[in-house]
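Open the model in your viewer and keep the selection panel at hand.

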Amino acid sequence: MSKQVWQAKDGELFNSEEECLLHERACLFLNDMNHSEYVRNEKRWGMQKDFSRRFLEGFQSKSDFWKYSDSFRTLADILDGKRLDLPRNNPPS
């Protein structure tokens, strides 16, 4: 008996549609955080200002982790599939 698999846009294979969709959303988030339009994409994903730069360049101190704790919580919710309202198509100005 054959087993159904789901293939993400990047070619990765998954055993369930849910896993595949979570992977695709995570990839979309990572692509947006690595994009030059930092301000727009941070608003689009509900992240704090400059989170994406710290995310890419590294957090230099323990206080940075606390400063961006709301963004880490949002990121965890995105990866867990709990924030289906994100990304926003038209982020607030």
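Start by selecting F29, W45, F51, F55, F59, F65, Y68 and F72, which ring pairs link into a cluster. The model is a predicted one, and 10 aromatic pairs are found in it.

How are the two rings of F29 and F55 arranged? Their centres are 6.1 Å apart and their planes stand at 80°, so the pair is edge-to-face; the cut-off for that class is over 60 degrees. F29 belongs to helix α1 (residues 17-33) and F55 to helix α3 (residues 51-57), so this pair ties together parts that are 26 residues apart in sequence. Colour by accessibility next: F29 has 1% relative accessibility and counts as buried, whereas F55 has 28% and counts as partly exposed.

Now select F51 and show its contacts. Leaving aside residues up to four places away in sequence, F51 touches F29, E42, F59, Y68, S71 and F72.

In soluble globular proteins, nonpolar side chains tend to be buried together.

Turn to the charged side chains, where the structure holds 7 salt bridges. Select R44 and D32 for one of them: the closest N and O atoms are 2.7 Å apart. R44 sits in helix α2 (residues 38-45) and D32 in helix α1, 12 residues apart, and the pair links distant parts of the chain. Are R44 and D32 buried or exposed? Both are buried.

Move to R40 and E37, whose side chains meet in a salt bridge at 3.8 Å, N to O. R40 is partly exposed, at 35% relative accessible area, and E37 is partly exposed as well, at 38%.

R73, at 51% relative accessibility, counts as exposed, while D70, at 48%, is partly exposed. Then select K49, D50 and R53, which are linked in a network of salt bridges.

Finish at S2, in the segment before β1 (6-7). With 72% relative accessibility, S2 counts as exposed. Draw a C-alpha to C-alpha distance from S2 to H23: they are 21 residues apart in sequence and 23 Å apart in space.

Notes. Residues are numbered from 1 along each chain as its sequence is written. This is a predicted model: local features need pLDDT of at least 70, side-chain atom pairs count only at pLDDT 80 or more; totals for chains, interfaces and linings use all residues. Side-chain values use heavy atoms; hydrogens and water are left out. Rings of Phe, Tyr and Trp (its six-membered ring) pair if their centres lie within 6.5 Å; planes under 30 degrees apart count as stacked, over 60 as edge-to-face and the rest as tilted. Helices (H or I, at least four residues) and strands (E, at least two) are DSSP runs, numbered from the N terminus. Buried means under 20% relative accessible area, exposed over 50%, partly exposed in between (1.4 Å probe, protein chains only). Contact means heavy atoms within 4.5 Å. A salt bridge is a side-chain nitrogen of Lys or Arg within 4 Å of a carboxyl oxygen of Asp or Glu.
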